[in-house]
Amino acid sequence: MEKNKLLRAIQMYDFALYELNLYLDTHPDCLEALKYFRQYKELRNCAYDEYTSLYGPVTAIQNTDDLHWEWIDEPWPWERSVN
């Protein structure tokens with residue numbers, strides 16, 4: 001359950017960051033939006049770091065093993081585990 005919650009949190013933060021990015025493209029001096037962007041970026045990075053340390057990479061570009069392509073070792077991040 002924790003795995004799914006972390007992945008969902010990453011997805012929600014990514015969505016919020018994308019929307020804030022679009023808003024800031026047209027309102028680059030909005031201090032409130034900049035504050036929210038920094039806040040969600042920090043939350044996303046924390047969730048992302050926790051997920052990758054516990055369950056492995058979220059994307060293939062995060063492969064950290066120089067001797068093995070670990071991206072394929074576990075189910076894909078978006079696959080639900082079978083109970």
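Buried means under 20% relative accessible area, exposed means over 50%, and partly exposed is in between (1.4 Å probe, protein chains only). We're working with a predicted model, where local features need pLDDT of at least 70, side-chain atom pairs count only at pLDDT 80 or more, and totals for chains, interfaces and linings use all residues. Residues are numbered from 1 along each chain as its sequence is written, and side-chain values use heavy atoms, with hydrogens and water left out.

**Exercise 1.** Track down the salt bridge and say which parts of the chain the pair links.

*Solution.* 
- Step 1: a salt bridge needs a side-chain nitrogen of Lys or Arg within 4 Å of a carboxyl oxygen of Asp or Glu, and the structure has 1.
- Step 2: arginine 44 pairs with aspartate 14, N to O at 2.7 Å.
- Step 3: arginine 44 belongs to helix α2 (residues 31-55) and aspartate 14 to helix α1 (residues 2-26), so the pair links distant parts of the chain, 30 residues apart; helices here are DSSP runs (H or I, at least four residues), numbered from the N terminus.
- Step 4: arginine 44 is buried at 18% relative accessibility, while aspartate 14 is partly exposed at 33%.

Conventions. Helices (H or I, at least four residues) and strands (E, at least two) are DSSP runs, numbered from the N terminus.
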